[in-house]
Amino acid sequence: MSRSDYEVVIGLEVHAELSTKTKIFCSCPTEFGGDPNTHTCPVCMAMPGALPVLNEKVVEYAVKAGLATNCEISRDSKNDRKNYFYPDLPKSYQISQFDKPLCEHGYVEIEDDEGNLKKVRILRIHIEEDAGKLNHNEFGGGSLVDLNRAGVPLIETVSEPDLRSAKEAENYLRKLKSIFEYIEVSDCKMQEGSLRADVNVSVHKPGTPFGTRTEMKNMNSFRSIVRAIEYEIDRQIDVIEDGGVIEQETLRWDDVSGRTFSMRDKEDAQDYRYFPDPDLVAIRLPEDYIEEIRKNLPELPESRKERYTSEYGLSEKDANLLTASKYMSNLFEGANKICNNPKAVANWLLSDISRILNEKEMEPEQIPFTAEQLAKMIELIEKGTISSAIGKKVITELFENPKDPEEIIKEKGWIQISDEGAIKEVVMKILEANPQSVSDFKAGKDKALGFLVGQAMKETRGQANPQMLNKMFLEELNK
Amino acid sequence: MNITELTVHELKDKLASKELTVSEITKAYVDRINEKESEVGAFVTTYCDEAISKAKEIEEKVNSGEIKGELAGIPIGIKDNINVKGAKTTCSSKMLENFVSPYDATVTEKLNAENLINLGKLNMDEFAMGGSTEHSAFHNTQNPWNLNCVPGGSSGGSAAAVAAGMVPWALGSDTGGSIRQPASFCGVVGLKPTYGLVSRYGLVAFASSLDQIGPITKDVEDCAMLLNIITGHDEKDTTSENIEKVDYTKVLKNDVKGLRIGVPKEFYAEGINEEVKAKLEEAIAKYKELGAEVEEFSLDVAKYSLASYYIIACAEASSNLGRFDGIRYGYRTENYTNLRELFRNSRSEGFGEEVKRRIMLGTYVLSSGYYDAYYKKAQQVRTLVRSEFNKAFEKYDVIITPTSPVVAFETGSKSNNPLEMYLADICTVSVNIAGLPGISIPCGVDSNGMPVGMQIIGNRFEESTILNAAYTYEQATKFRDNYKPEFKGGAE
Amino acid sequence: MKVSKEEVMHIAKLANLNLRDEEIDKFTTNLEDILNFADIVNNAPVEGLTESFGVNENYNVFRKDEIKVFEDNEALLQNAPEKDRNMFKIPKVIQ
């Protein structure tokens with residue numbers, strides 16, 4: 001038996017921090033950072049007698065997220081208490097939603113492993129509060145509790161177990177991230193923990209019932225999610241192949257060792273004793289409230305994609321890639337507005353810039369330069385001030401030290417040689433040094449021209465104007 | 001003139017006529033505390049020195065015209081589960097023995113806005129769980145009518161302090177009778193407002209869907225005055241109702257002609273002390289005499305209410321008291337090496353037995369497998385109780401019952417059997433379950449001279465109706481003119 | 001309705017209470033007594049009735065998304081049994 005004999009079943013629980021100004025149940029700022037315990041008040045510190053009041057924006061953002069993922073919005077909803085003890089949970093219960101989530105029964109479309117469109121069903125989206133943070137105390141021993149994050153609003157999106165591979169799981173998560181970014185409900189920064197995913201994985205042989213699933217936590221990048229799923233699939237298959245049984249448990253992914261570890265202390269019985277929070281009254285959303293939000297939803301990736309192919313003549317594939325990230329898409333639109341050259345902008349973003357992102361394991365939102373800077377670079381190529389070869393160097397430089405491309409090329413001395421005399425000098429030098437190529441060309445081998453131009457570019461370290469080189473070589477060769 | 005025997009409306013008049021000064025009043029109460037507190041034990045913390053300097057400050061400001069307000073400088077006592085910034089809020093628990101509140105409850109802000117003077121924080125059953133104040137982690141409170149008896153509870157300190165004249169009035173809280181029952185035991189007036197009339201922000205939660213803060217006073221007019229101060233919509237409490245404010249002193253008409261009174265016979269059946277029953281019958285006869293229309297009817301909800309009450313209250317409490325974990329505030333055990341021991345030992349050592357019992361019960365009824373049989377059913381019973389009361393209020397303006405089946409009992413005589421103790425709440429809990437207003441006023445004393453309380457229940461937000469009914473009876477019978485606590489018994 | 005000692009111990013764990021043996025025995029009896037009494041809710045004529053989670057008719061009570069800074073941050077930490085660099089100190093937690 002091998003891995004290919006098993007079918008993999010994956011479901012995701014995705015937590016996204018909402019980008020509201022204040023916390024879900026109190027008026028403290030949600031801003032990331034800040035000295036420990038300074039973004040706190042009696043409510044989020046769970047002082048005796050303090051009471052929660054729901055932030056209206058949290059409801060609005062959750063409804064937005066629900067509408068953007070094709071969910072039904074509940075007319076009747078409520079908040080429930082999930083009771084458990086942990087030092088980062090000051091009330092010893094989390095206010096969440098149990099049996100009446102705000103949004104239910106949605107779906108998003110992703111590309112499956114064969115490249116076909118696939119619907120991934122969303123079971124529910126509900127609102128809840130984030131916990132605080134435990135810091136390791138490097139001096140005095142013990143741990144230290146910081147409650148700045150306690151009460152930051154989250155939406156939890158629970159998928160049905162519709163995903164069949166790590167790649168699909170990644171595509172699904174990227175899709176959600178992109179949607180939430182588009183509708184501006186979350187900034188979805190995985191590195192800051194504002195987007196987190198718990199992954200349920202099970203394996204079974206086709207035609208048999210689903211296997212027992214394990215839940216993995218603590219993955220904080222797309223890469224670690226893919227790795228964790230791959231690891232867990234292999235682990236489960238190994239266990240089964242060795243005649244063992246999978247235990248339903250929660251696992252912690254350790255990125256350093258590339259392994260999962262059992263998380264829950266066996267002695268801690270889990271029984272959350274959900275019940276409706278008596279401090280908070282019911283949520284009843286009228287039709288016109290929901291319609292108003294639906295009407296004002298920002299443009300979603302699907303519609304942008306449509307526009308990119310019809311208006312800008314981009315290929316389906318390129319349009320898809322560009323719109324996958326709102327940041328990338330905004331960069332595209334911003335740059336194009338200035339330089340009015342959609343194909344060039346798309347090319348730069350999808351080739352050189354994407355390659356560098358990959359190499360650096362960066363997400364598009366971490367691109368350090370602006371749309372203006374990108375557009376300027378493209379205009380410099382159009383004007384002939386620099387060659388595309390120099391353009392590539394400018395992009396690399398923009399990642400390191402983002403500033404006006406004109407300044408970059410001045411500083412670096414990368415301005416294209418467009419002076420006819422200088423170009424001629426180079427052309428003559430190269431022709432002299434390569435008599436073989438000259439005769440090849442004359443014998444009808446057109447390729448020889450390319451070689452000669454290449455040599456001239458090398459000679460000028462990419463700074464010669466390629467069109468002028470071409471023209472001048474032809475003139476000389478045809479003499 | 002004995003200042004501490006005056007009601008607040010009398011004090012107010014004497015302040016207005018300059019017969020008395022703010023300092024004189026505060027001084028009189030401080031003296032009374034010094035005289036009686038050792039016998040009664042109503043306080044957890046007193047603020048006598050602070051009160052005297054505060055009185056001076058207010059007096060100057062009143063004289064200079066900087067503050068107006070006819071109640072400025074009147075002292076008050078506050079149950080020790082209501083937060084006052086910078087003061088301890090102990091809930092009479094070892095858990096919060098040293099807890100200094102970082103903020104004011106909404107009602108505290110309202111008292112401050114009137115420039116009332118806080119004389120101290122009043123003793124209670126730990127976390128408001130109990131009906132005798134014997135469950136205070138610090139000390140018992142004695143009933144001023146008989147020092148060998150309990151003052152009732154959980155607001156026993158508040159009721160005893162008012163009865164003993166150590167405060168002119170006080171705030172209590174009522175989850176299942178915790179204002180009305182001690183008021184009844186101590187021969188004073190106690191009102192539990194309609195759920196949502198008074199903000200709960202800053203009241204340490206026992207059972208969130210039942211808790212209400214309310215006044216404990218010497219007479220009905222004072223009750224109306226204090227209710228005026230503490231009511232009002234609060235954005236910090238989503239269960240606080242946004243309704244127009246009523247001036248409750250204006251509704252005291254001294255007239256019950258045509259008032260339709262329902263007398264639910266189940267509340268006068270088994271378990272009700274005969275003398276209590278007899279006093280209630282006299283009171284009802286009085287109402288007839290005053291022109292009210294009285295009718296007996298059946299309201300068979302008391303037992304269901306009581307069961308439902310203990311399920312809901314304990315379930316909510318088990319969750320509300322989770323925050324006492326020894327991390328951010330409150331008692332922390334010395335006996336721990338890891339987090340679990342820190343949690344468990346802090347909670348086990350910090351909570352008293354009754355609190356632990358209720359946390360256990362509440363955890364049980366919410367736990368998987370029992371939720372539907374208990375918690376869910378109890379919430380359905382709640383719907384039933386509400387609809388039964390709704391039906392009753394179609395026919396009657398008020399419902400009259402005993403406040404408690406018994407009068408104040410001897411300290412130490414009852415605390416061994418929890419179920420028996422819970423059954424004693426039979427007359428009061430329905431009111432909380434249905435979220436209605438209820439007032440307890442004295443309607444005589446039994447053969448041992450212990451006060452008997454009458455409960456008048458109104459429809460939601462009908463505080464005006466029950467206050468007028470209570471006022472009219474009070475004016476006709478003048479309980480305070482005829483009976484006074486005598487501080488009988490006590491140290492042999 | 002019978003409550004077992006094991007159940008009481010399980011409930012104590014959920015409630016994070018550490019009960020002594022005699023407390024376990026006592027609470028087992030108490031819980032059984034009280035639950036037997038409370039069981040009458042199951043005889044109440046409540047068929048078809050909805051649950052009242054509160055008695056409040058309010059709904060949609062929301063707060064505006066406006067920052068209000070709590071002014072006395074120091075007071076929020078003054079009751080901490082143990083603190084370090086403005087954080088609550090607890091025994092080491094392995095996450």
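Helices (H or I, at least four residues) and strands (E, at least two) are DSSP runs, numbered from the N terminus. The model is predicted: local features need pLDDT of at least 70, side-chain atom pairs count only at pLDDT 80 or more, and totals for chains, interfaces and linings use all residues. Residues are numbered from 1 along each chain as its sequence is written, chains are lettered from A in the order in which they are written, and side-chain values use heavy atoms, without hydrogens and water.

I noted that B:Pro75, B:Gly77 and B:Lys79 point one way from S2(B), while B:Ile76 and B:Ile78 point the other way. In a regular strand the side chains alternate between the two faces of the sheet.

I then checked pairing, which requires at least two DSSP bridges between two strands. S2(B) pairs in the parallel sense with strand S3 (residues 117–122) of chain B over five bridges, and B:Gly77 stands opposite B:Gly120 there. With strand S4 (residues 169–174) of chain B, S2(B) also pairs in the parallel sense, over two bridges; B:Leu171 is the bridge partner of B:Ile78.

Turning to the interface, I recorded 34 residues of chain A in contact with 40 residues of chain B, contact being heavy atoms within 4.5 Å. I found one salt bridge across this interface (a side-chain nitrogen of Lys or Arg within 4 Å of a carboxyl oxygen of Asp or Glu).

Methods: Buried means under 20% relative accessible area, exposed over 50%, partly exposed in between (1.4 Å probe, protein chains only).
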